[in-house]
Protein chains: 2
Amino acid sequence: MKIITVNREFGSGGRELGKRLAEELGFAYYDKEIIDAIAEKSKLDPAYIEKAIEDGVLRNYPITFSHTFSYMPIIDSPATDLVSWQSDVLREIASKGDSVIVGRAADAILEDEHPFKIFVYADMDSKMKRCRERADTDEKLSDKELQRYIKKIDRARASNHDLMASYRWGEREGFHLFVNTSGIEIKTIVPALKEYAEKWFSNFRN
Amino acid sequence: MKIITVNREFGSGGRELGKRLAEELGFAYYDKEIIDAIAEKSKLDPAYIEKAIEDGVLRNYPITFSHTFSYMPIIDSPATDLVSWQSDVLREIASKGDSVIVGRAADAILEDEHPFKIFVYADMDSKMKRCRERADTDEKLSDKELQRYIKKIDRARASNHDLMASYRWGEREGFHLFVNTSGIEIKTIVPALKEYAEKWFSNFRN
């Protein structure tokens, strides 16, 4: 299976890029669907799961990947279960077919699938502009507050990513292509990214 | 004019990528030609100039960009002149037509031209493999020595770049596209990069 993972700075348009790239390639696209699938497995509230995975709750809980390393009774920790549900769901997705997966540490969890890993970022002005346009943040936020909010989300994403990965969020060596979307209309660059991704995969499948 | 600058880790294939991209786009390609042009202006030895610009001699000299800030007699410093010759040559190149320029801090010196800035990198194994294949390093070097050599060149490139730029060599915010060439045959990805570059420019020229 061909898996493309998209990690992104908040406000960089990474989600749009991932969605359009999936459409262009005819790949399945996963984003919120991952949360819903975990909710089904766990019977937890989707809003709680999203918060835990994306917004930094996880790092407040003990995490373990193997009971042999545990030094306290973490078996019942909801966060540990969440990590394992998250992995299960991502592996199921990866086994179903070619897909683009945005966020959720899929780049790290699906490492063995040899995914093509894209990191999307932009300068602060562009990110603020995009947030204002999409109106996905409180419109009453001042520029300074919005900047703080963007940085806070990114710190949480980085910290949750780094719990699961052997490299840091946004670290050069961990990813295959870094796309700076400052001043760019996402849809204009997607066909080139499609071609790049196809050629990238074909380098490892001959 | 459309300017594409390519910064690259030693052994990542950035030079080949730049050259092929220029061919594909029909842009002029500049690399060693820059050294020759500076040699002509300065009457200095090309080998000395290349060493000074690429291999880290510059940082051992006082550098100034404006005499109003100088506190010592640097007017006769060969390194200061070299910086100014380097800028002159790069500006002349940029005024002549669309071009791809590899290295030489062109990304920083030509900032006002709003260049499309690519950073090319790879993991250490790929870089060592590429160096061995190109035989552009001493074949008698052990793996450890070759790694040390690669890292040394990159440190010098970073240090010379950072003298001229407002951002660090390889820093996310300073560049527009980061291309990881690990395991990739460069020529396979060049058409996609061509299309990406064209679309990137068209976003700023409407």
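User: What does the secondary structure of chain A come to?
Analyst: Eight helices and five strands for chain A, and keep in mind that this is a predicted model.

User: Which order do the elements of chain A run in?
Analyst: Starting at the N terminus, chain A goes β-α-β-α-α-α-β-α-β-α-α-β-α.

User: And how much of chain A is buried?
Analyst: 53% of its 206 residues are buried. As for contacts in chain A with a separation of 6 or more, 70% come from residues 24 or more positions apart.

User: How many bridges join strand 1 of chain B to strand 3 of chain B?
Analyst: Four, between residues 3-8 and residues 99-102 of chain B, and the two strands run parallel. Within that pairing, Thr5(B) sits opposite Ile101(B) of strand 3.

User: Switching to helices. How do helix 6 and helix 7 of chain B cross?
Analyst: The axes of helix 6 (residues 124-134) and helix 7 (residues 143-164) of chain B come within 10 Å and cross at roughly 100 degrees. That angle is in the 65 to 115 range, so the two helices of chain B are roughly perpendicular to each other.

User: Which residues make the contact?
Analyst: From helix 6 of chain B, they include Met124(B), Met128(B) and Cys131(B); from helix 7 of chain B, Leu146(B), Ile150(B) and Asp154(B) are among them. By class, the contact has five nonpolar, one polar and five charged residues.

User: What about helix 7 of chain A, what should its span be?
Analyst: 32 Å, because it has 22 residues at 1.5 Å a residue, and its end C-alpha atoms are 32 Å apart, which agrees. Buried residues of helix 7 of chain A include Leu146(A), Ile150(A), Arg157(A) and His161(A).

User: Last one: where is Ala105(A), and what's its phi?
Analyst: Ala105(A) is in the loop between strand 3 (99-102) and helix 5 (106-109) of chain A. Its phi is positive, about 55 degrees, although it is not a glycine.

User: Is Ala105(A) buried or exposed?
Analyst: Buried, with a relative accessible area of 8%. His114(A) also has a positive phi, near 55 degrees, but His114(A) counts as partly exposed at 35% relative accessibility. You'll find His114(A) in the loop between helix 5 and strand 4 (116-121) of chain A.

Notes:
Residues are numbered from 1 along each chain as its sequence is written. Chains are lettered from A and ligands numbered from 1 in the order in which they are written. This is a predicted model: local features need pLDDT of at least 70, side-chain atom pairs count only at pLDDT 80 or more; totals for chains, interfaces and linings use all residues. Side-chain values use heavy atoms; hydrogens and water are left out. Axes are lines fitted to C-alpha atoms, for helices over the stretch in contact, and angles run from 0 to 180 degrees between N-to-C directions. Angles under 35 degrees count as roughly parallel, over 145 as roughly antiparallel, 65 to 115 as roughly perpendicular and the rest as oblique. Contact means heavy atoms within 4.5 Å. Ala, Val, Leu, Ile, Met, Phe, Trp, Tyr, Cys and Pro count as nonpolar, Asp, Glu, Lys and Arg as charged, and the others, Gly among them, as polar. The expected span of a helix is 1.5 Å times one less than its number of residues. Buried means under 20% relative accessible area, exposed over 50%, partly exposed in between (1.4 Å probe, protein chains only). Two strands pair if DSSP finds at least two bridges between them.
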